[in-house]
Amino acid sequence: MSLDTPRTGSRRPDVLTPHEARQRLEHERNSRLTQLRAIDEIDRDAEEQVMTAQKDIIERVLKEIDAASRRIQDGGYGICELCDRSIPAERLEILPYTRFCVPCVRDAV
């Protein structure tokens with residue numbers, strides 16, 4: 001299960017195509033940009049510290065999304081940066097900008 005395109009003409013249901021991956025990343029990017037705009041429009045009396053923390057997280061995710069887009073272009077999308085194994089399509093569907101497979105994330109904790 002990876003981003004690989006099958007060699008045959010038929011597509012396996014457990015494989016994300018580059019187009020599908022780009023769509024998922026674009027959706028994530030647009031969601032984060034919408035969140036940033038909403039934060040900027042919130043009443044200025046809101047808790048500044050909370051808003052700054054939320055903004056920092058969103059900006060960090062946007063950087064991860066941009067990096068994932070570059071990995072698609074470079075051919076490294078869907079490959080764990082720690083173990084070099086394919087990241088399952090299910091994980092990429094949930095977190096399309098992830099750089100790591102679940103076992104490597106668990107080991108890091």
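**Burial and salt bridges**

Analyst: Let's start with Glu28, which is buried at a relative accessible area of 15% (buried means under 20%, exposed over 50%, partly exposed in between, with a 1.4 Å probe and protein chains only). This is a predicted model, where local features need pLDDT of at least 70, side-chain atom pairs count only at pLDDT 80 or more, and totals for chains, interfaces and linings use all residues. Residues are numbered from 1 along each chain as its sequence is written, and side-chain values use heavy atoms, with hydrogens and water left out.

User: What does Glu28 touch, leaving out residues up to four places away in sequence?

Analyst: Ile65, Pro96 and Tyr97, with contact meaning heavy atoms within 4.5 Å.

User: New topic: how many salt bridges are in the whole structure?

Analyst: Five, each a side-chain nitrogen of Lys or Arg within 4 Å of a carboxyl oxygen of Asp or Glu. One of them pairs Arg99 with Glu64 at 3.2 Å, N to O.

User: And which side chain does Arg71 meet in a salt bridge?

Analyst: That of Glu81, at 3.8 Å, N to O. Glu81 sits in the loop between helix 2 and helix 3 and Arg71 in helix 2, so the pair ties together parts ten residues apart in sequence (helices are DSSP runs of H or I, at least four residues, numbered from the N terminus).

User: Is Arg71 buried or exposed?

Analyst: Buried, at 11%, whereas Glu81 is partly exposed at 39%. Glu81 also bridges to Arg99 at 3.2 Å, N to O. Through shared partners, salt bridges join Glu64, Arg71, Glu81 and Arg99 into one network.

Methods
Helix = DSSP H or I, 4+ residues; strand = E, 2+ residues; numbered from the N terminus.
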